[in-house]
Amino acid sequence: DGRKVSGGIAELRDGAVILGIGINVHQTEEQLPADARVPATSLQLNGRMCELDDLLAALGSAYSTWRDAGLAALHGRIAKRDYLRGTTVTVGDVSGTCSGIATDGRLEIDGTFVESGEVAL
């Protein structure tokens, strides 16, 4: 419903991908920021209660798949949750409509693949 439950950032540094993620798991409405750029929600508020151990196991499994088979093996799961798809974004000097994340991890904006940079909405 246009509300953000999680976010991530990936950075390529010295041939390695550094991934930072944040997931709102058990937060109540009162615990979420009211002034967020994208309205926030949590798994709990969406009726998806889960144990942290189960969530960490699922993330570990996805990471193993990514490490062993590459992003393409997870692309279908990621692409259907891509919040940026169809929005107007700017990365560096490239602006336009985001087409999504390519199977190699690059962001596609109006047919142009962006190698790196901070996304501005």
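This note goes through some features of the structure, point by point.

1. On the basis of the model: this is a predicted model, in which local features need pLDDT of at least 70 and side-chain atom pairs count only at pLDDT 80 or more, while totals for chains, interfaces and linings use all residues. Residues are numbered from 1 along each chain as its sequence is written, and side-chain values use heavy atoms, with hydrogens and water left out.

2. On the core: the largest nonpolar core has seven residues, namely Leu84, Val89, Val91, Cys98, Leu107, Ile109 and Val114. Strand S3 (88-91) and strand S5 (107-109) each give at least two residues to this core. Such a core is a set of buried Ala, Val, Leu, Ile, Met, Phe, Trp, Tyr and Cys residues joined through side-chain atoms within 4.5 Å; buried means under 20% relative accessible area, exposed over 50%, and partly exposed in between, with a 1.4 Å probe and protein chains only. Helices (H or I, at least four residues) and strands (E, at least two) are DSSP runs, numbered from the N terminus.

3. On the partners of S3: strands pair if DSSP finds at least two bridges between them. S3 pairs with strand S4 (residues 94-101) in the antiparallel sense over four bridges, and Thr88 has Thr97 as its bridge partner in S4. The hairpin of S3 and S4 has two residues between the strands, and Gly92 there takes a positive phi near 60°. S3 also runs antiparallel to strand S7 (residues 119-120), to which two bridges join it, and Val91 stands opposite Val119 in S7.

4. On Thr41: where does Thr41 lie? Thr41 is placed in the loop between strand S2 (16-23) and helix H1 (52-69), and Thr41 counts as buried because its relative accessibility is 4%. Leaving aside neighbours within four places in sequence, Thr41 is in contact (heavy atoms within 4.5 Å) with Arg3, Lys4, Val5, Asn24, Leu32 and Asn46.

5. On helix H1: with 18 residues, H1 reaches 25 Å from its first C-alpha to its last, close to the 26 Å expected at 1.5 Å a residue, the expected span being 1.5 Å times one less than the number of residues. Gly70, whose phi is positive, near 85°, follows H1.
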